[in-house]
Amino acid sequence: MTDLTRSVGRARQAVAVLASPTLRAAVVGDAELDDRTRTAIAAFDWLGDDGPDTPLLGRTAQDLQRLQAPAALLEFDRIARMPAPDDQRHPLSLRIVGLVFERLGATRPIPEPVLNAAIAMFAEDVAIVRRDAVDLGVLERTDDGAAYRYVGQDGSGGSA
């Protein structure tokens, strides 16, 4: 897990604290904690016995600012393992293929080696992403089998 991924996780925790009166009372006040709240609070690496870890939260804020920069995508690792359940993997595969064709141009066929290289920037398992997109009707092979055409989720060839 990268530092940036941990920072995003920390930010999600902080938002959960602000959104939940129980967590907020546990972090800010001296509320009585039930087991569930105690377990949640124990997982916060930014909260110690003496309160919030200010330097760590400062670095987290800097990481979040990096996520607003134009190069934010470069901050994350590729997806090492696609989810096994179809209902989790399919939307991810479609999103990856949609992003690839947004960047490469959805109006022309893309040769398989170029498509594979573009998908590989997002996910390690190129074949499963490409196969999902074909099986779901978002990609189709050209007649000669050398390239793929983006059909889109509605079959119109539009952008994802």
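**Exercise 1. Which helix lies across S3, S4 and S5, and at about what angle to S5 does this helix run?**

Before we start: this is a predicted model, where local features need pLDDT of at least 70, side-chain atom pairs count only at pLDDT 80 or more, and totals for chains, interfaces and linings use all residues. Residues are numbered from 1 along each chain as its sequence is written, and side-chain values use heavy atoms, with hydrogens and water left out.

*Solution.* Start with the elements: helices (H or I, at least four residues) and strands (E, at least two) are DSSP runs, numbered from the N terminus. The helix to pick is H5 (residues 86-104), at about 95 degrees to S5. Axes here are lines fitted to C-alpha atoms, for helices over the stretch in contact, and angles run from 0 to 180 degrees between N-to-C directions.

**Exercise 2. Work out the strand order of the open sheet and its edges.**

*Solution.* Strands pair if DSSP finds at least two bridges between them. The order is S3-S5-S4, with antiparallel pairing. Strand S3 (110-111) and strand S4 (139-141) each have a single partner strand, so one side of each lacks a neighbour in the sheet. Next, look at S4 and S5 (residues 147-150): three bridges join them. Arg141 stands opposite Tyr148 in S5.

**Exercise 3. Describe how H5 packs against H7.**

*Solution.* Helix H7 (residues 126-135) meets H5 at about 95 degrees, with the axes 9 Å apart. The two helices are therefore roughly perpendicular (a class that covers 65 to 115 degrees). Now find the contact (heavy atoms within 4.5 Å): among its residues are Arg89 and Leu94 of H5 and Ile128 and Asp132 of H7.

Definitions and conventions:
Angles under 35 degrees count as roughly parallel, over 145 as roughly antiparallel, 65 to 115 as roughly perpendicular and the rest as oblique.
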